[in-house]
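I open the notebook on this chain.

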Amino acid sequence: MKDLNPHKEQMADESMVRTLDAQASAIWPQESELVRRYGLRDDIRILDAGCGTGEGASRFAEMFRRSSVLGVDIIDAHLELARARYTALAPRLTFEHRSIFELGLPDRAFDLTVCRHVIHSIPHPDRVLAELARVTRPGGRLHLIPEDYGMLHFQRGALDPRDFGEATETDLYIGRNAYGILARLGLAEIKVDYVVVDTLRVPRETFAAILEAWRDGYVDPVAEYSRFTREQATAYFDHMIANIRDPYGYAAWMVPVVSARVS
């Protein structure tokens, strides 16, 4: 497969806007404490690679109030929405159409390079992480959320996400594989932490909204690329959503947050 964005239809779907909004609400309160641990200055340059609708880039701009933040993505509709939503943060926060495979930005340009909820959905994550390291200054930080669908914990269901990942040549378990890629790139101080999105830490409706948006955007390609029918894929997502909404049920999503310093 030569397509560098095999999930492009799902990424451009309106369900992805809901996904990004719900994920930011669920994850950022814990994630932000991990970012503060880096001890970065307030006037840094930040790149958000694969910024989507700007949910993450805007939060970084608000956290580092004298920073310059560039969000890049290849979906123009998401970039337009981000510009419209976050005009109050301009000109410190800007958005541009760029591919994370070839950013077209200078070497060593950013103090903090962010890539959240992206590299599970593309082939060749090693190429992308090398490109992110290239544009990060020596001593700067990479901050990644590489999703891992082996870290979703619900009451047992039948669907195995590996079917879809293998068919689209993407690694839906990149969360556990990102460490090795960064180590082979020679990065230092590699850390893997976790944000726990579960039915105790996150409102059940917020958690359910993430799964509903995934269902609405992904049941058709799951049916196309896996051994499961559309009805089976829908039932799988509905099972997880019901588990979340069950007041006596417990469900968890362990979200890896991976960081490294560019040597």
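**Entry 1: a charge over a ring.** The charged end of Arg45 sits over the ring of Phe110. The distance to the ring centre is 4.9 Å. I keep in mind that this is a predicted model.

**Entry 2: overall build.** I listed the secondary structure next. The chain has nine helices and eight strands. I then compared its radius of gyration with the globule rule. The chain comes out at 18 Å, close to the 18 Å that the rule gives for 263 residues, so it is as compact as a globular protein of that length. The C-alpha trace spans about 50 × 40 × 35 Å along its principal axes. I also looked up burial. Of the 263 residues, 57% are buried.

**Entry 3: aromatic pairs.** How many aromatic pairs does the structure hold? I find four. I took Trp28 and Phe60 to begin with. Their ring centres are 5.1 Å apart and the planes stand at 70 degrees; planes over 60 degrees apart count as edge-to-face, so this pair is edge-to-face. Trp28 belongs to helix α2 (residues 14-36) and Phe60 to helix α3 (residues 55-63), so the pair ties together parts 32 residues apart in sequence. Trp28 and Phe60 are both buried.

I went on to Tyr149 and Trp214. This aromatic pair is edge-to-face too, with 5.5 Å from centre to centre and 75 degrees between the planes. Tyr149 is in the loop between β5 (136-145) and β6 (152-153), while Trp214 is in helix α8 (residues 204-225). The two residues are 65 apart, and the pair links distant parts of the chain. Both Tyr149 and Trp214 are buried.

**Entry 4: salt bridges.** The structure holds 23 salt bridges. I checked three of them in detail.

Which parts of the chain does the pair link? Asp216 is in helix α8 and Arg18 in helix α2, 198 residues apart. Asp216 has 37% relative accessibility, so I note Asp216 as partly exposed. Arg18 is at 33%, so Arg18 is partly exposed as well. I then looked for neighbours in the network. Glu14, Arg18, Arg215, Asp216 and Asp238 are linked by salt bridges.

Arg134 and Glu131 make a local case. The closest N and O atoms of their salt bridge are 2.9 Å apart. Both residues lie in helix α5 (residues 125-134), three residues apart, about one turn of the helix. Glu131 is at 10%, so Glu131 counts as buried.

Arg201 is exposed, with a relative accessible area of 52%. Asp198 is buried, with a relative accessible area of 0%. Why do I call Asp198 buried? Buried means under 20% relative accessible area, and Asp198 is at 0%.

**Entry 5: a nonpolar surface patch.** I turned to the surface. Tyr179, Val192 and Tyr194 form a nonpolar patch there. Together they have about 280 Å² of accessible area. I looked up Tyr194 on its own. Tyr194 is in strand β7 (residues 188-198). At 38% relative accessibility, Tyr194 counts as partly exposed.

**Entry 6: a glycine in a loop.** Where is Gly52 placed? I find Gly52 in the loop between β1 (45-49) and α3. Gly52 has 5% relative accessibility, so Gly52 counts as buried. I also took a distance from Gly52 to Val255. The two are 203 residues apart in sequence. In space they are 18 Å apart, C-alpha to C-alpha.

Definitions and conventions:
Residues numbered from 1 in each chain as written. Predicted model: local features only at pLDDT ≥ 70, side-chain atom pairs only at ≥ 80, totals over all residues. Heavy atoms only, no water. Patch = residues over 30% accessible without salt bridge, like charges linked within 9 Å, V, L, I, M, F, W, Y side chains within 5 Å. Areas by Shrake-Rupley, 256 points an atom, 1.4 Å probe, with all protein chains shown as cover. Salt bridge = Lys/Arg side-chain N within 4 Å of Asp/Glu carboxyl O. Helix = DSSP H or I, 4+ residues; strand = E, 2+ residues; numbered from the N terminus. Buried < 20%, exposed > 50% of the residue type's maximum accessible area, 1.4 Å probe, protein only. Phe/Tyr/Trp six-rings, centres within 6.5 Å; stacked < 30°, edge-to-face > 60°. Lys NZ or Arg CZ within 6 Å of the ring centre and 35° of its normal. Rg over C-alpha atoms; globule rule 2.2 N^0.38 Å.
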